[in-house]
Amino acid sequence: MTSEKEIILWSKVKAMKKFHQRLIGMLGEPQPTPEMAFWFPFCKSIHTWGMKEPIDVVAFDKANKIIEVRRFICPNEIARFKGAHGLIEMAAGNFWPLEKWIGKKLRFINKHGELNENKHFDCCIAIELN
């Protein structure tokens with residue numbers, strides 16, 4: 001459940017934990033919609049080799065606080081995020097005011113509540129606005 005001071009940012013999130021998932025990333029996935037995102041735990045850089053469309057990326061630290069937002073990373077680029085503990089990729093042009101929320105904490109939620117980071121779950125991601 002989410003509280004009154006929490007917003008679900010992406011309701012369809014795929015955890016990219018396996019080597020082949022991380023290597024291929026969004027390439028083998030359907031065209032992302034605004035409610036979709038791809039979570040790369042324990043990751044501080046991405047590549048967009050072979051992609052056809054730009055993407056937006058959110059970097060967060062070990063406390064799950066947003067530390068950086070980069071918009072419209074073009075195909076065939078490499079992006080590194082200093083201090084990142086994980087990344088979230090999504091279709092470019094995401095409508096959330098993510099840059100205003102730098103320093104806010106993300107929460108990874110499965111159907112049964114809090115997400116255990118040691119397991120692979122498809123989940124949703126919320127932001128704590130308090």
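Q: Which residues have the most contacts inside the largest nonpolar core?
A: Leu9, Trp10, Val58, Ile88, Leu98 and Leu106 have the most contacts inside that core, which has 20 residues. A nonpolar core here is a set of buried Ala, Val, Leu, Ile, Met, Phe, Trp, Tyr and Cys residues joined through side-chain atoms within 4.5 Å. Buried means under 20% relative accessible area, exposed means over 50%, and partly exposed lies in between (1.4 Å probe, protein chains only).

Q: Where does the largest share of this core come from?
A: From β1, with 4 residues. At least two residues each come from β1 (6-15), β2 (36-41), β4, β5, β7 (86-91), β8 and β10 (123-128). Strands (E, at least two residues) are DSSP runs numbered from the N terminus.

Q: What does Leu106 touch?
A: Not counting residues up to four places away in sequence, Leu106 touches Leu9, Phe60, Asn64, Ile66, Ile88, Ile125, Ala126 and Ile127. Contact means heavy atoms within 4.5 Å.

Q: And what does the second core include?
A: That separate core has 16 residues, among them Met16, Phe38, Val57 and Leu87.

Q: Before we go on, what should I know about the model itself?
A: It is a predicted model, where local features need pLDDT of at least 70, side-chain atom pairs count only at pLDDT 80 or more, and totals for chains, interfaces and linings use all residues. Residues are numbered from 1 along each chain as its sequence is written, and side-chain values use heavy atoms, with hydrogens and water left out.

Q: What is the mean pLDDT of the chain?
A: The mean is 87, and 88% of the residues reach 70 or more. pLDDT is the predictor's confidence in each residue, from 0 to 100.

Q: Which element has the lowest mean pLDDT, and which the highest?
A: Strand β9 (residues 113-114) has the lowest, at 54, while strand β5 (residues 66-73) has the highest, at 98.

Q: New topic: how many aromatic pairs are there?
A: A search of the whole structure finds 4. Rings of Phe, Tyr and Trp (its six-membered ring) pair if their centres lie within 6.5 Å; planes under 30 degrees apart count as stacked, over 60 as edge-to-face and the rest as tilted.

Q: Why is the pair of Phe60 and Phe108 called tilted?
A: Because their planes are at 50°, with the ring centres 5.4 Å apart. Phe60 is in strand β4 (residues 55-60) and Phe108 in strand β8 (residues 105-110), so the pair links distant parts of the chain, 48 residues apart.

Q: Are those two buried or exposed?
A: Phe60 is buried at 2% relative accessibility, and Phe108 is buried at 3%. Ring pairs also link Trp39, Phe60 and Phe108 into a cluster.

Q: What about Phe95 and Trp96?
A: They form a tilted pair too, 5.1 Å centre to centre with 40° between the planes. Phe95 is exposed at 56% relative accessibility, whereas Trp96 is buried at 18%.

Q: Last one: what does the side chain of Arg107 make a polar contact with?
A: With the side chain of Glu6, at 2.8 Å. A polar contact is a pair of N or O atoms within 3.5 Å; within protein, one must be able to donate a hydrogen and the other to accept it, and residues adjacent in sequence count only if both atoms are side-chain atoms. Arg107 is found in strand β8 and counts as buried at 14% relative accessibility.
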